[in-house]
Amino acid sequence: MKVVGVRGIGLSFALALASCSAAGAAPDISGTYWATGYSPQIEVVGGGDPPLNAAGKLAYAKNQAGLRDGSVVDKARRVCVPDGVPRVLATPYPFEIFQVPLDHVTFLYEMNHQVRVIFMDRPLPSLESLIVDPRYNGHSVGRWDGDTLVVESSGFNERTFLDASGLPHSDEMNTVERIRKVGNQLEDIITIHDPETYVRDWQARFVYDERNDVRLEDYACNDMHRDLSRVKGVR
């Protein structure tokens, strides 16, 4: 196993992690990744627009009008609250994946210094817990399906958009991500289930280049950040 993106954990722990992999443990997706393209509007697998129902269309129109006239604030960009899922998956900034401790997979995003912790091989919290403790990125649990990390998330609050255009969701939303390495790239296919807002489940796909020559940098809200000119679609 290549111990990539794991720094400062100690030689003995790194060797233990390597020996676990050699014995047939979890696949290694750790490392630093960076998208090659960015779109402010989420792109639906198969094409077309997200399948909003009547309530979803009304909420989307309200969000878009409010973003234009200033009555709705995109707090993820104004005050740097977490983007939420799946918007965080569209980040044009690099992110890093850590697979330590062994019962966690942690995503650390440069943008807004966001952290997503995936608890492995355990059930989602009870419905009561999800209701009383909704989160920007929800509550997430994961398991391995061959070489694919399957991540289930629920318990989202309603303070985020699904993309930069103001695409809405309800607190009933749950998601399933299938994340895997394909050569030197990482693929994340997410399924959105939110019957309060959409007429059916739908998917989006995100692909990132592995970039272990890149190190995450400081990110200060509303300040200048790294050069993103290499990311197609960034203006």
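## The disulfide

A search of the whole structure, which is a predicted model, turns up one disulfide. A disulfide is a covalent bond between the sulfur atoms of two cysteines. Here the partners are Cys80 and Cys221, with an S to S distance of 2.0 Å. Cys80 sits in the loop between helix H3 (75-78) and strand S2 (95-98), and Cys221 sits in the segment after strand S9 (202-210), so the bond ties together parts that are 141 residues apart in sequence.

The torsion about the S-S bond is about 95 degrees, so this disulfide is right-handed. Are the two cysteines buried or exposed? Cys80 has 19% relative accessibility; buried means under 20%, so Cys80 counts as buried. Cys221 has a relative accessible area of 29% and is partly exposed.

## The barrel

Nine strands close into a barrel. Their order is S1-S2-S3-S4-S5-S6-S7-S8-S9, and the pairing is mixed. On average, neighbouring strands of this sheet are turned by 30 degrees against each other, direction ignored.

S5 covers residues 139-145 and S6 covers residues 148-154. They pair in the antiparallel sense over seven bridges. Within this pair, Asp145 stands opposite Thr148 in S6.

## The cavity

Rolling a probe the size of a water molecule over the atoms shows where empty space is left. In this model, the count comes to one cavity of 30 Å³ or more. The largest cavity holds about 80 Å³ of space.

Which kinds of residue line the largest cavity? Six are nonpolar, two are polar and four are charged. Among the lining residues are Tyr38, Ser39, Arg77, Asp83, Met111 and Asp163.

Conventions:
Residues numbered from 1 in each chain as written. Predicted model: local features only at pLDDT ≥ 70, side-chain atom pairs only at ≥ 80, totals over all residues. Heavy atoms only, no water. 1 Å grid on protein atoms, 1.4 Å probe; cavity = no way out; pocket = protein on both sides within 12 Å on 5 of 7 lines; lining within 4 Å. Points joined across faces, edges and corners; volume = space filled by probe spheres on them. Nonpolar A, V, L, I, M, F, W, Y, C, P; charged D, E, K, R; others polar. Pairing = 2+ DSSP bridges. Helix = DSSP H or I, 4+ residues; strand = E, 2+ residues; numbered from the N terminus. Axes fitted to C-alpha atoms, helices over the stretch in contact; angles between N-to-C directions. Disulfide = S-S within 2.5 Å. Buried < 20%, exposed > 50% of the residue type's maximum accessible area, 1.4 Å probe, protein only.
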